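Hi,

Here is the structure I promised to send over. Have a look at it first, and then read on for what turned up.

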Amino acid sequence: MNLRGIDLNLLVVLKALLEERSTTKAADRLAMSQPAVSRALSRLRLLYDDPLLIRTPQGMEATVRAEALLLPLREILAGIEQTLSPSPELDPSCFEGILRIGAHTYAEYVILPSLLTELQRLAPRLRVQMIPLTQAFEHQLDQGAVDLVISKQDDLPGRFRRQPLFEDRLQSCAHRHHPLLGQRLSIADFARAQHLLVCPRGEPHGIVDELLAAHGLQREIPLVVQSFLSAPFILAQSPLLLTAPARILQPMMALLDLAECALSFPLPRFEISLIRHRRDDNHALLNWFEGVLLRWAAQLDAI
């Protein structure tokens with residue numbers, strides 16, 4: 001049977017008729033006219049090829065087929081009402097299981113220290129697991145290997161949704177005794193220096209190299225590492241320059257005796273976003289976590 005050709009409102013009328021055993025009472029209950037209910041009954045009789053209700057001196061009686069329909073009708077209509085009802089208010093303290101977040105160590109360092117206490121207070125049973133972000137992050141989201149991604153991503157396929165969280169900027173720094181400190185470096189001077197490069201994805205190339213290439217320049221990179229967290233400690237013991245996000249470098253500057261290089265040209269700014277699959281738009285846990293993350297991001301200082 002093709003449901004597209006059936007008026008499912010008839011089932012509501014049938015349930016009322018079977019419970020009231022009267023077209024008049026069913027009409028009052030449904031706020032319909034009695035003739036409209038009688039017309040609906042006629043259509044139902046054709047649909048089921050059964051009289052359904054038979055008029056007797058004692059009133060209307062249901063046929064055997066109609067009696068068998070009443071319980072399934074109640075269950076079906078109750079299920080439909082439940083799907084249309086507003087979601088109950090969620091209690092995050094009851095959330096259990098694992099929230100898998102795809103991110104680089106940058107996001108772990110910037111976000112988790114100040115967010116973790118709030119998460120443990122609001123959702124103590126929730127376990128957060130950080131998953132290494134790969135170049136195939138879209139596949140990670142598609143397959144459910146991660147529930148969401150926190151990263152710098154601009155262009156996304158339509159099946160994903162991006163929610164900006166906060167901005168950061170690149171800054172260049174070196175050990176306080178580096179010979180280039182105290183000078184205002186031109187872009188050519190900057191390119192001639194030796195650099196420490198961080199490549200979380202293993203590609204010895206970054207947005208700074210794109211900036212230099214636009215000016216026909218290329219920098220010398222004697223060392224490439226995987227993590228923005230190890231790089232400042234290496235820098236403290238080496239004659240290199242490091243260009244990295246300010247939200248990572250600034251808390252470490254005094255600790256490691258580092259200083260920012262003065263540049264005569266601007267370094268790029270970038271935006272960190274929360275990325276989710278649109279199939280999860282009504283996922284209660286992810287919606288709650290997004291709200292917590294947005295409130296956290298709104299309190300961040302500009303940089």
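Predicted model: local features only at pLDDT ≥ 70, side-chain atom pairs only at ≥ 80, totals over all residues.

On the overall build: the protein chain holds twelve helices and 13 strands. Its radius of gyration is 32 Å, while the globule rule gives 19 Å for 303 residues, so the chain is more spread out than a compact globule. You can see that in the C-alpha trace too, which spans about 110 × 40 × 30 Å along its principal axes.

Now for the inside. Of the 303 residues, 43% are buried. Among contacts with a separation of 6 or more, 75% are between residues 24 or more positions apart.

The largest nonpolar core has 61 residues, and the ones touching the most other members are Ile111, Ile150, Trp288, Phe289 and Leu293. Helix H12 (residues 284-298) gives this core its largest share, eight residues. Another core, of 23 residues, lies apart from the largest one, and its members include Leu11, Val13, Ala16 and Ala26.

Last, the charges: there are 31 positive and 34 negative side chains, and the centres of the two sets are 4 Å apart.

Cheers

Definitions and conventions
Residues numbered from 1 in each chain as written. Heavy atoms only, no water. Helix = DSSP H or I, 4+ residues; strand = E, 2+ residues; numbered from the N terminus. Rg over C-alpha atoms; globule rule 2.2 N^0.38 Å. Buried < 20%, exposed > 50% of the residue type's maximum accessible area, 1.4 Å probe, protein only. Contact = heavy atoms within 4.5 Å. Lys, Arg positive; Asp, Glu negative; His and termini not counted. Charge placed at Lys NZ, Arg CZ, Asp CG, Glu CD. Core = buried A, V, L, I, M, F, W, Y, C linked by side-chain atoms within 4.5 Å.
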